[in-house]
Amino acid sequence: MKRAGVRIPGIGHRIKSADNLDKRVILMKDYAEKNFPSRRYLEFVLSVEKVTLQKAANLVLNVDGCIAALFLDLMESSASFSKEEQDEIVEIGYLNGLFVLARTVGLIGHTLDQKRLKQPLYRHPWDDVMYWQ
């Protein structure tokens, strides 16, 4: 996949690695093991992680991949969604909305923390982020 320039969604992290796992992923996996009746999707992504970790230490299951797998496990085990409905939810990008929401909450938290510390928000140089002039 690397030679083809294809990334595996939900796998890989810039900072976290096999030696420095993301605590959020650890907490969610532990919670699922204790409380979810089925963890088929989580078990699948963990099997993928075993393979990717043989390639590089930072190709770990990331928080987005863990959330996606657990969301699918919840949908399947709730028996509230047909297989077709589950497939449609994935196909239309519903899970992407959850990731955008999480990033938005994080940005708001960062903004409030910077205000609490009486520090300005970081502003990246315009010439590095503008796509047109």
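Guide: Start with two terms. Helices (H or I, at least four residues) and strands (E, at least two) are DSSP runs, numbered from the N terminus. On a 1 Å grid over the protein atoms alone, a cavity is a set of points where a 1.4 Å probe fits but cannot get out, while a pocket is an open set with protein on both sides within 12 Å along at least five of seven lines; lining residues have an atom within 4 Å of a point. This is a predicted model: local features need pLDDT of at least 70, side-chain atom pairs count only at pLDDT 80 or more, and totals for chains, interfaces and linings use all residues. Residues are numbered from 1 along each chain as its sequence is written, and side-chain values use heavy atoms, leaving out hydrogens and water.

Visitor: Which helix gives the most to the lining of the largest cavity?

Guide: Helix α1 (residues 23-35) does, with three residues. The lining consists of L21, D22, V25, I26, K29, E49, V60 and L61. A volume is the space filled by probe spheres set on the points, with grid points joined across faces, edges and corners; for this cavity it is about 50 Å³.

Visitor: How much space lies in the largest pocket?

Guide: About 1,100 Å³. Among its 29 lining residues, R7, I8, I11, G12 and L59 are the closest to its centre.

Visitor: How many salt bridges does the structure hold?

Guide: A salt bridge is a side-chain nitrogen of Lys or Arg within 4 Å of a carboxyl oxygen of Asp or Glu. The structure holds five. One of the pairs is R40 with E76, whose closest N and O atoms are 2.5 Å apart. That pair links distant parts of the chain, R40 in helix α2 and E76 in helix α3, 36 residues apart.
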